[in-house]
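The following exercises are to be worked through with the sequence and the coordinates at hand. Each task is followed by a stepwise solution.

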Amino acid sequence: MTTRFRIGDHVRWNSEAGRVSGTIIAVHMQDFDYKGHTHRASESDPQYEIKSDKTEHIAAHRGRVLERI
């Protein structure tokens with residue numbers, strides 16, 4: 001089972017540029033539009049919007065790629 005995260009949790013993940021850390025700012029449990037693309041999400045497989053600590057870039061990821069720090 002995938003770990004559940006909440007708004008305010010500090011997490012990290014792998015990106016093309018290496019390890020990135022940030023804070024969860026939104027939790028999506030329904031499909032949503034993000035940067036012109038539809039991202040699939042459900043209660044059993046939510047997606048999270050995360051604000052990068054370093055660049056303040058916003059990214060959307062599934063919980064299975066995130067690690068709480």
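For the charge count, Lys and Arg are taken as positive and Asp and Glu as negative, while His and the chain ends are left out. The model is a predicted one.

**Exercise 1.** Determine how many positive and negative side chains the protein chain has, and how far apart the centres of the two sets lie.

*Solution.* Counting gives 11 positive and 10 negative side chains. The centres of these two sets are 4 Å apart.

**Exercise 2.** Describe the secondary structure and the overall dimensions of the protein chain.

*Solution.* Step one: the chain holds 0 helices and 7 strands, in the order β-β-β-β-β-β-β from the N terminus. Step two: along the principal axes, the C-alpha atoms fill a box of roughly 30 × 30 × 20 Å. Step three: a compact globule of 69 residues would have a radius of gyration near 11 Å, and the chain agrees because its own value is 11 Å.

**Exercise 3.** Locate Lys35 and decide whether this residue is buried or exposed.

*Solution.* Lys35 belongs to the loop between β3 (32-34) and β4 (37-39). Exposed means over 50% relative accessible area; Lys35 has 54% and therefore counts as exposed. Its phi is near 50 degrees, a positive value in a residue other than glycine. Most residues other than glycine have a negative phi.

**Exercise 4.** Carry out the analysis for Glu56: where is Glu56 placed, and what is its phi?

*Solution.* Glu56 sits in the loop between β5 (47-52) and β6 (58-62). The phi of Glu56 is positive, near 65 degrees. With 52% relative accessibility, Glu56 counts as exposed.

Key
Residues are numbered from 1 along each chain as its sequence is written. This is a predicted model: local features need pLDDT of at least 70, side-chain atom pairs count only at pLDDT 80 or more; totals for chains, interfaces and linings use all residues. Side-chain values use heavy atoms; hydrogens and water are left out. Helices (H or I, at least four residues) and strands (E, at least two) are DSSP runs, numbered from the N terminus. The radius of gyration is taken over C-alpha atoms; the globule rule is 2.2 Å times the number of residues to the power 0.38. The place of a charge is taken as NZ of Lys, CZ of Arg, CG of Asp or CD of Glu. Buried means under 20% relative accessible area, exposed over 50%, partly exposed in between (1.4 Å probe, protein chains only).
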